[in-house]
Amino acid sequence: MALLEVNNLNTHFFTRGGVVKAVDGISFSIEEGEILGIVGESGAGKSITGFSMLGLIDKPGKIVDGEIIFNGEDLVKKSEEELQKIRGNEIAMIFQDPQTSLNPVINIGDQLMEAILYHNKKASKKDAYDASVDILKLVGLPAAQKRMKSYPHQLSGGMKQRVVIAMALLNNPRLLIADEPTTALDVTIQAQILYLMKKLSSDFGSSLILITHDIAVVSQLCDKIAVMYAGRIIEYGKKEDIIFNPKHPYTKGLIECLPKLDDDKERLYQIPGIMPSLLSLPKGCYFKDRCEYADSECDVYPAQQEIDGRRIFCHKVK
């Protein structure tokens with residue numbers, strides 16, 4: 001049985017302008033110890049997918065349909081009190097901006113210790129302190145004991161992200177969700193953080209969902225990839241299949257946008273047009289206005305196809 005299984009998840013936002021279908025009937029699963037990459041443009045619904053799994057959808061948003069089966073139980077049916085026991089304990093999230101993930105007026109040590117003491121009532125303050133120092137050392141933060149007394153503003157972006165990762169791992173969660181974890185970091189630090197996350201996921205035996213707009217990142221780290229577009233997953237399967245033999249025109253476009261060392265073109269390829277507004281989605285395939293293969297057949301949204309073990313939503317893929 002999969003550790004996490006998402007079935008027909010729908011998360012909508014009810015605004016004055018209409019209903020925004022931020023997540024529109026997506027399904028995927030992740031096994032123990034597996035790394036899944038969710039990739040797509042900004043506004044595709046990636047982060048809302050992650051927030052939905054932890055019950056972090058605020059009004060006017062709401063999960064209107066679907067199941068999120070974690071460890072055999074449906075998280076959608078859990079109360080807020082039950083979800084609080086799961087968050088940070090069995091499922092932990094690494095948010096996009098470490099600056100806003102840490103309390104600016106509480107030192108690092110107290111924030112780490114609080115995460116332990118909240119979920120483990122039997123732990124003493126000394127146990128929590130020792131565990132916090134150990135986890136800071138594990139994520140490669142120099143002078144770990146000294147950093148326990150530091151405040152977030154005294155740390156660099158890369159150091160803050162290491163603290164956030166340490167906090168996520170404190171209670172040895174079974175599932176980590178990382179939402180664009182390297183966006184605010186420079187390129188060299190990005191590589192270090194991504195390598196660290198993959199190593200720690202393996203060492204702790206945790207499954208990892210990596211949410212990103214960068215398909216190059218998921219090609220290096222992930223076992224499976226789900227490509228999202230306008231609230232829906234349009235292609236889903238093993239990394240090797242999707243990276244080396246993409247089927248959906250949008251997936252092909254994302255990969256074509258990557259720079260190549262042997263390419264002498266002056267400009268990088270770009271997918272024409274922009275993703276449609278979730279308030280005014282086109283009839284039929286959402287990608288048709290940007291797709292060179294689109295015709296009248298695409299005026300009806302494509303049904304799911306299963307080809308070589310992957311799921312694809314496209315009329316033109318045979």
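I began with strand β3 (residues 35-39) and strand β8 (residues 207-212), which pair in the parallel sense over five bridges. Strands count as paired if DSSP finds at least two bridges between them. Ile35 has Leu208 as its bridge partner in β8. On naming: helices (H or I, at least four residues) and strands (E, at least two) are DSSP runs, numbered from the N terminus.

I noted the terms of the model. This is a predicted model, in which local features need pLDDT of at least 70 and side-chain atom pairs count only at pLDDT 80 or more, while totals for chains, interfaces and linings use all residues. Residues are numbered from 1 along each chain as its sequence is written, and side-chain values use heavy atoms, with hydrogens and water left out.

**Eight-stranded sheet**

I traced the order of the open sheet of eight strands as β6-β7-β8-β3-β9-β10-β12-β11, with mixed pairing. At its edges I found β6 (91-94) and β11 (305-307), each pairing on one side only. The twist averages 20° from one strand to the next.

I then looked for helices lying on these strands. α7 lies across β6 and β7 (175-179) and runs at about 175° to β6. Helix α11 (residues 249-256) lies across β9 (224-229) and β10 (232-238), at about 105° to β9. Axes are lines fitted to C-alpha atoms, for helices over the stretch in contact, and angles run from 0 to 180 degrees between N-to-C directions.

**Four-stranded sheet**

I recorded an open sheet of four strands in the order β2-β1-β4-β5, with antiparallel pairing. β2 (18-30) and β5 (73-74) stand at the edges with a single partner strand each, so one side of each has no neighbour in the sheet. Strand β4 (residues 61-70) pairs with β5 in the antiparallel sense over two bridges, and Phe70 stands opposite Glu73 in β5. Helix α1 (residues 46-53) packs on this sheet and touches β1 (4-15), β2 and β4, its direction making about 70° with that of β2. Contact here means heavy atoms within 4.5 Å.

**Helix α7 and its neighbours**

I checked α7 against α8 next. The axes of helix α7 (residues 157-169) and helix α8 (residues 187-204) come within 11 Å and cross at roughly 15°. That makes α7 roughly parallel to α8, the class for angles under 35 degrees. α7 passes α8 in a right-handed crossing, meaning that the near helix is turned clockwise from the far one by less than a right angle. From α7 the contact takes Gly158, Gln161, Arg162, Ile165 and Leu169, and from α8 Ile189, Gln192, Ile193, Leu196, Met197, Leu200 and Phe204. I sorted the residues of this contact into eight nonpolar, three polar and one charged. Ala, Val, Leu, Ile, Met, Phe, Trp, Tyr, Cys and Pro count as nonpolar, Asp, Glu, Lys and Arg as charged, and the others, Gly among them, as polar.

For helix α4 (residues 108-119) and α7, the axes come within 9 Å and cross at roughly 20°. α4 and α7 are therefore roughly parallel to each other, and their crossing is right-handed. The contact is made by Ile108, Gln111, Leu112 and Ala115 of α4 with Val163, Ala166 and Met167 of α7. Its residues divide into six nonpolar, one polar and no charged.

**Salt bridges**

I searched the whole structure and found twelve salt bridges, each a side-chain nitrogen of Lys or Arg within 4 Å of a carboxyl oxygen of Asp or Glu. Lys199 forms one with Asp203, the closest N and O atoms being 2.8 Å apart. Lys199 and Asp203 are four residues apart in helix α8, which means about one helical turn between them.

How values were computed:
Parallel < 35°, antiparallel > 145°, perpendicular 65-115°, else oblique.
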